[in-house]
Amino acid sequence: MAARPDKSAPIAPGGTLGILGGGQLGRMMAMAARTMGYKVRVMDPEPNCPASFVVDETIVGKWDDVAAAEHLARSSDAITLEIEQIGVDALARVAAIAPLRPGVEPIRVIQDKTLQKVWLAEHGFPVGPFRVVHTEAELQAAVPELNNRVFLKIGRGGYDGRGQARIGIDSPADSSAITAAWKSIGEKPAVAEQALDLDFEISVMAARNPAGEVKSFPSARNHHENQILAWSVLPAGISPELEDRAERLAREIVAGLGIEGLLCVEMFITKQGDLFVNELAPRPHNSYHQSERGCVTSQFEQAVRAALNLPLGDTSLISPCAIVNLLGDEWANGEPNFAAALAVPGVRLHLYEKLSARPGRKMGHLSSVGATAEEALERVLEAKERLSMTDEDIIKLEAVRAALIAAEESGTYEGDIVAESEERIKQRAKRNRSAINKK
Ligand code: AIR
């Protein structure tokens, strides 16, 4: 590949984007880049990774494989990443060969939660009470100082609940519970965070391009189950004042870290109305997959624009939109009933082509638009519920629905609620509505 004289020039279509990591995030970024006419190469430990099916080349290498990363850098015009656990040595080599966006230093800080938390606190961003701990003795001392209710998060390498332990949440925080938590995270440097009195969680995706332009997306409302994102919806339905505060914070952090690329800022809103930064991710984020459906520019296209030094896209919301994750558990009883899910209006299916469906593993998602955030969310949740229903169940469900609607219209329906599933869907819809409407 011919050397480009000016490293800060925009990279025109026909050029090559290199991505460190080829999981679902890399795959969706690659698809956005291809739409715009770019070639894409990825590096991933797994030759059949999700991105491998949509890119020009998959270079096989572990996250700290300097030679593989160099190979990627030499055959790309700019490099970005989709997972922050890339070795710093590999990152530095890449950056010496081609523009690495977001940059070595912000990734070094973000990939280690002990550095990330301290950086946020030292730069005056709101974080909850925490202690960095390197030894069990430090953890034993920290827990009482943190109100005896603590989430312990490993500094490097944890995600989707892996590398996390709870202390004093489900049982008393005695010294043996603390020892057990320390052992469970592998006795590695970690952040001990005081459990906050949470009302709900949001995230804000921000982007900054090498020219210094910064943009934020409207905030997303997130719901976790077993420490894994279950669903997310845009807009978050918060007050304009809170929205403004959250977006401003994300823009300040992306600029403060000097990121060239995306930064997702996960935030907690407490029952007292305080806003705290939870965690940072310098890449596309699960809570913005619905931006593909409801925003002028998706997070994936925004990532491509920032990495290739193009103008950032418009982040406005065109329509409320939601996603629900499909974890490997969904495959426990065979192939899910996708056709049934796709019968729900507004719903689309996204599968990542992962070869094995382990419990808790993100295999795909369902997305929907809707007239309101509630409707978009109800649609994806209903679609997800249908994945485990037989066609017969669905015929019954639809018959009950038709009867209920007819009864409502004529005021005559006296039949029993035959399908329990109808009741379940209604109750769940009510729960979601009250979750979304909580301010
Ligand atoms: N990922 C990266 N950080 C957090 C997440 N969820 C995405 C990336 C990565 C993939 O998850 O796309 O490549 C790894 O998924 P798995 O199921 O192979 O562990």
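This is a predicted model: local features need pLDDT of at least 70, side-chain atom pairs count only at pLDDT 80 or more; totals for chains, interfaces and linings use all residues.
**Backbone in the loops**

- Gln-227, in the loop between strand 11 (220-225) and strand 12, has a phi near 60°, which is a positive value in a residue other than glycine.
- Gln-227 has 14 other C-beta atoms within 10 Å and is therefore classed as partly exposed, since that class lies between the limits of 12 or fewer for exposed and 20 or more for buried.
- Asn-147 likewise has a positive phi without being glycine, here with a value near 70°, and its place is in the loop between helix 6 and strand 6.
- The count of C-beta neighbours inside 10 Å is 13 for Asn-147, so this residue is partly exposed.

**Helix 2 against helix 3**

- The axes of helix 2 (residues 66-74) and helix 3 come within 9 Å of each other and cross at roughly 25°, and because of this angle the two helices count as roughly parallel.
- The crossing of helix 2 with helix 3 is right-handed, and the contact is made on the helix 2 side by Val-66, Ala-69, Glu-70, Ala-73 and Arg-74, which meet Asp-89, Ala-90, Arg-93, Val-94 and Ile-97 of helix 3.
- By class, the residues of this contact between helix 2 and helix 3 comprise 6 nonpolar and 4 charged, with no polar ones.

**Helix 1 against helix 10**

- Helix 1 (residues 24-35) and helix 10 (residues 299-307) have axes that come within 8 Å and cross at roughly 70°, and the pair is therefore roughly perpendicular.
- The crossing of helix 1 and helix 10 is right-handed, and it brings Met-28, Met-29, Ala-32 and Ala-33 of helix 1 into contact with Phe-300, Glu-301, Ala-303 and Val-304 of helix 10.
- The contact of helix 1 with helix 10 holds 7 nonpolar residues and 1 charged residue, with no polar ones.

- An α-helix has 3.6 residues a turn, so residues three or four places apart point the same way.
- In helix 2 the buried residues are Ala-69, Leu-72 and Ala-73, and they line one face of the helix because, seen down its axis, they fall within an arc of 100°.
- The face of helix 2 turned away from that buried side carries Ala-67 and Arg-74, both of which are exposed.
- Strand 1 (16-20), strand 2 (39-44), strand 3 (57-60), strand 4 (78-81) and helix 3 are among the elements that cover the buried residues of helix 2.
- In helix 6 (residues 136-145) the buried residues are Leu-139, Ala-142 and Val-143, and their directions from the axis span an arc of only 105°, so they are on the same side of helix 6.
- The exposed residues Ala-137, Pro-144 and Glu-145 are found on the other side of helix 6.
- The cover over the buried residues of helix 6 includes strand 5 (130-133), strand 6 (150-154), strand 7 (164-167), helix 7 (175-184) and strand 8 (190-194).
- Helix 6 is followed by Asn-147, the residue with a positive phi near 70°.

**Ile-269 in strand 13**

- Ile-269, a residue of strand 13 (residues 261-270), is buried because it has 22 other C-beta atoms within 10 Å.
- Although Ile-269 and Glu-201 are 68 residues apart in sequence, their C-alpha atoms are 6.0 Å apart in space.
- With residues up to four places away in sequence left out, Ile-269 touches Asp-199, Phe-200, Ile-202 and Leu-275.

Technical notes
Residues are numbered from 1 along each chain as its sequence is written. Axes are lines fitted to C-alpha atoms, for helices over the stretch in contact, and angles run from 0 to 180 degrees between N-to-C directions. Helices (H or I, at least four residues) and strands (E, at least two) are DSSP runs, numbered from the N terminus. Angles under 35 degrees count as roughly parallel, over 145 as roughly antiparallel, 65 to 115 as roughly perpendicular and the rest as oblique. A crossing is left-handed if the near helix is turned anticlockwise from the far one by less than a right angle, and right-handed if clockwise. Two residues are in contact if their C-beta atoms, placed from the backbone, lie within 7 Å. Ala, Val, Leu, Ile, Met, Phe, Trp, Tyr, Cys and Pro count as nonpolar, Asp, Glu, Lys and Arg as charged, and the others, Gly among them, as polar. The arc is that of the directions from the helix axis to the C-beta atoms.
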